[in-house]
Amino acid sequence: MTHRVDMTSEPPGGGSERAGAPRATNPHGRPRRRVSPTARRQRRAACLFLAPACIMVAIYVVWPTLSTIRLSFYSWDGMSDANFIGLANYIELFHAPTFYTALKNNVIWLALFLLAPPMGLAIALYLNQAVAGMRIVKSLFFAPFVLSGVVVGLIYSWFYDPTFGLLALIAGHGIPVLGDPRYATPGIIFAALWPQTAYCMILYLTGLTTLNSEQIEAARMEGAKGWTLLWHVILPQLRPTTFMAVVVTVIGALRSFDLISVMTGGGPFESSTVLAYYMYDQAIKYYRLGYSAAIAVVLFAIMLLYIVYHLRRLLSSEH
Amino acid sequence: MFPTPIDKWKPAPRRLYKLSLPVALIIWLLPMIAVLMTSVRSSEELSEGNYWGWPKHFALVDNYREALTTSPMLHYFWNSVLITVPSVVCAIALAAMAGFALAIYRFPGNSALFATFVAGNFVPIQVLMIPVRDLTLKLGLYNTVGGLILFHLSFQTGFCALFLRNFIKQLPYELVEAARIEGANEWTVFFRIILPLIRPALAALAILVFTFVWNDYFWALCLTQGDDAAPITVGVAALKGQWTTAWNLVSAGSILAALPSVAMFFAMQKHFVAGLTFGATKG
């Protein structure tokens, strides 16, 4: 992935507006006709190639997003007609104690989940050696990531079980992690960190293979080693990897649903719920679709701040 | 290379490092090992409280047979296959065409479309839940495999299109021009020139999307009810409620649920990692 072909660089700005013109440089410098038959044919081809994907994404991603935003201003139970109620859903939401529990838990998720990139880096550094059998060791370290959230949730429910779980065996006595409002959320996050750390580890292992060895050797000649070398030479070179690891971790934290659903169902007493789960609960159990949509919109707003930041970075690196 | 290769270490730390590897691995995988061990224990042994000792009697066959026959586990497994395979194939087919168009042609709105595909990946799936559920109900696809396939293929198309567009952009554009000069039409360019070149990317995506769809739980909960179309993730989660104490069966079910994605990963590891880390090294 590191050898980028320079053909991909585009002329900046306005050129992209010219309809149908192929983007490559014109070797003879001859001016092209505005809309040649070739250009028209290519444009039609572009439309045909794009149509199926665009239709499906429009129906299942774009339209639902807009529809949810609209629905958040309505009161709807899914069967009778929806009533427009303005901001009432949001007002109720901002007065619901559970909303603040969920929001607080989302913040805890974000904060603790961001331990995954540094832990992933630590494991990657530990494993970045050429020893016989290292490939299989790396794969086994990565294996938790391919497990489904349901399986991870079951594994850890069992790990935490106060009567026979592994934790009770290690601690010497049973700790009802998932039954205690104080420990439930950290307990679930601990489980979720397992696959997420594996994911970050694999990102960093790949990142470490792209390091510029000349720079590292030069820094070593200067006497840098250990932490200094890591902090001043290695980490700056790993910045794209770190960026990616943080992005996937933030998204993972905000999407967290499977583990909560399997391990606690939001309990005890809704103490381990997060926005994503609270929203699902309100829609499926209580048929409060408008209210539920409002929760989703709040979740979306949080994510949107992030999307905008990410998109700007992505698009600016294109030009 | 960082950290310093262990060949350059002193012999004692080097030996220590090599010894630490299996220990670290066992600690890391301990929860998984525990599940594997439980899945071969008999119910009697578990009720006696022998959770952690060496199993006195291996009930491997019994447990898996029971998990497979007393619950509709095989049915769930088959549903998962029916959902996952068409979703992956269709998502990649649609995305290959869209990615090709986005990478090769210039037209107004190209960037906007691309941005939409990118943004679609970051939308919290919960935002889509109510309208997608409603749409599926109206189409009469609620509680069918088809309803889940349509959603998954659409949602994954966005991700795949983004990935493939970037991949195709890295290919030398002269190839396309040369083919056109030879008289190839656009479809031939796509099918004969581009498609063979992006085969590694397609493999990487296929395996990645396979695990995403296979492991899905949220949409299965939203779009199905009861056993008809429920995939294995739902089946295994239901096992937990059904036999609260039969952890050996839960373990056996979990392992069945995990098996295909783990097997896929080990079989096509290189592709999997290439897909996952695409973009991680180029900002």
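## Domains of chain A

Chain A is divided into domain 1 (37-89) and domain 2 (91-318), with bounds that come from an automatic or database domain assignment. This is a predicted model, in which local features need pLDDT of at least 70 and side-chain atom pairs count only at pLDDT 80 or more, while totals for chains, interfaces and linings use all residues. Residues are numbered from 1 along each chain as its sequence is written, and chains are lettered from A and ligands numbered from 1 in the order in which they are written.

The C-alpha centres of the two domains of chain A lie 30 Å apart, and their contact takes 13 residues from domain 1 and eleven from domain 2 (two residues are in contact if their C-beta atoms, placed from the backbone, lie within 7 Å).

## Packing of α6 and α8

Helix α6 (residues 149-160) of chain A packs against helix α8 (residues 184-209) of chain A at an angle of about 130°, with the axes 10 Å apart; axes are lines fitted to C-alpha atoms, for helices over the stretch in contact, and angles run from 0 to 180 degrees between N-to-C directions. Helices (H or I, at least four residues) are DSSP runs, numbered from the N terminus.

On the side of α6(A), the contact is made by Val152(A), Gly153(A), Tyr156(A) and Tyr160(A), and on that of α8(A) by Gly187(A), Ala191(A), Trp194(A) and Pro195(A).

## Contact between chains A and B

The contact takes 96 residues from chain A and 86 residues from chain B. On the side of chain A that touches chain B, helix α1 (residues 37-71) of chain A gives the most, with 20 residues.

Key: Helices (H or I, at least four residues) and strands (E, at least two) are DSSP runs, numbered from the N terminus.
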